Every structure is written in structure tokens, then in C-alpha cells.
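Good morning, and thank you for the time. Please look at the sequence and the model on the screen while I go through them.

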Amino acid sequence: MRRIEAVTGPEAVKFIKKEDHEPQKVANLLRANPFEVAERVDKMMKHQRDLEREIEGLKGKLAAKESGDIIRRPRRWAR
């Protein structure tokens with residue numbers, strides 16, 4: 001069994017106008033023309049992945065430095 005929904009009359013016109021306007025809104029947010037949206041989103045996702053990898057690498061370096069500082073720190077309780 002399947003359910004079909006429909007919009008008619010003035011509501012249908014509003015729906016179509018909104019549907020046509022959404023891709024343009026996305027393109028404006030991305031500062032691209034509507035035909036370049038997919039390419040722009042792909043580029044942004046790749047950039048985000050690169051930044052996430054860089055963050056993970058820097059976290060690792062920071063953790064290694066902090067652990068090295070702890071090891072080199074003199075122990076006050078051991079005499």
C-alpha cells in the first residue's frame with residue numbers, strides 16, 4: 001500500500017515557488033551559481049576533512065609534548 005499526498009490550488013503555487021527558490025538560497029549561501037553548488041559543497045567537505053585531520057595530528061603532538069613534560073618534571077615526593 002502507498003500513500004500519495006498532493007497540494008492543489010494556491011498552496012501548490014506557493015509550494016512550487018518555494019521549491020524553486022531553495023536552490024538559489026543555497027547557492028547564495030555558498031557564493032556560487034546554482035550550477036556550481038555540488039562542486040562547491042564537495043570542495044568544502046574535502047577542506048573540512050583536511051582540517052579535521054590536522055586537528056587530530058596537532059592533538060597528538062600536544063599530548064606527546066605534555067606527556068614528555070610530565071616525565072621530565074622532578075618528583076617532589078621521591079627522595
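Predicted model: local features only at pLDDT ≥ 70, side-chain atom pairs only at ≥ 80, totals over all residues.

Val7 is partly exposed, because its relative accessible area is 45%; buried means under 20%, exposed over 50%, and partly exposed in between, with a 1.4 Å probe and protein chains only. This residue is found in the segment before helix 1. Together with Phe15 and Ile16, Val7 makes a nonpolar surface patch of about 270 Å². Such patches are made of residues with over 30% relative accessible area and no salt bridge, where like charges are joined within 9 Å and nonpolar side chains (Val, Leu, Ile, Met, Phe, Trp, Tyr) within 5 Å. The areas come from the Shrake-Rupley method with a 1.4 Å probe, and for residues only the protein chains shown count as cover.

Residues are numbered from 1 along each chain as its sequence is written, and side-chain values use heavy atoms, with hydrogens and water left out.

Arg3 also lies in the segment before helix 1. Its relative accessibility is 71%, so Arg3 counts as exposed. The side chain of Arg3 makes a polar contact with that of Glu5, at 3.4 Å. A polar contact is a pair of N or O atoms within 3.5 Å; within protein, one must be able to donate a hydrogen and the other to accept it, and residues adjacent in sequence count only if both atoms are side-chain atoms.

Let us turn to the chain as a whole. How many helices and strands are there in the chain? There are two helices and zero strands; these are DSSP runs numbered from the N terminus, helices being H or I with at least four residues and strands E with at least two. Of the 79 residues, 6% count as buried.

Helix 1 covers residues 10-30, and its 21 residues should span 30 Å at 1.5 Å a residue; the end C-alpha atoms are 31 Å apart, which agrees. The expected span is 1.5 Å times one less than the number of residues.

Within helix 1 we find Ala27, which is buried because its relative accessible area is 0%. Which residues is Ala27 in contact with, leaving aside its neighbours within four places in sequence? They are Ala32, Asn33, Pro34 and Val37, where contact means heavy atoms within 4.5 Å. The C-alpha atoms of Ala27 and Val37 are separated by 5.9 Å, although the two are 10 residues apart along the chain.

Arg31 follows helix 1 and lies in the loop between helix 1 and helix 2, which is 37-72. Most residues other than glycine have a negative phi. Arg31, however, has a positive phi, near 55°. With a relative accessible area of 74%, Arg31 is exposed.

Finally, the charged pairs. The structure holds six salt bridges, each being a side-chain nitrogen of Lys or Arg within 4 Å of a carboxyl oxygen of Asp or Glu. One of them joins Glu11 and Lys14, at 3.4 Å from N to O. Both are in helix 1, three residues apart, so about one helical turn separates them. In helix 2, Lys46 and Asp42 form another, also listed at 3.4 Å; being four residues apart, they too are separated by about one helical turn.
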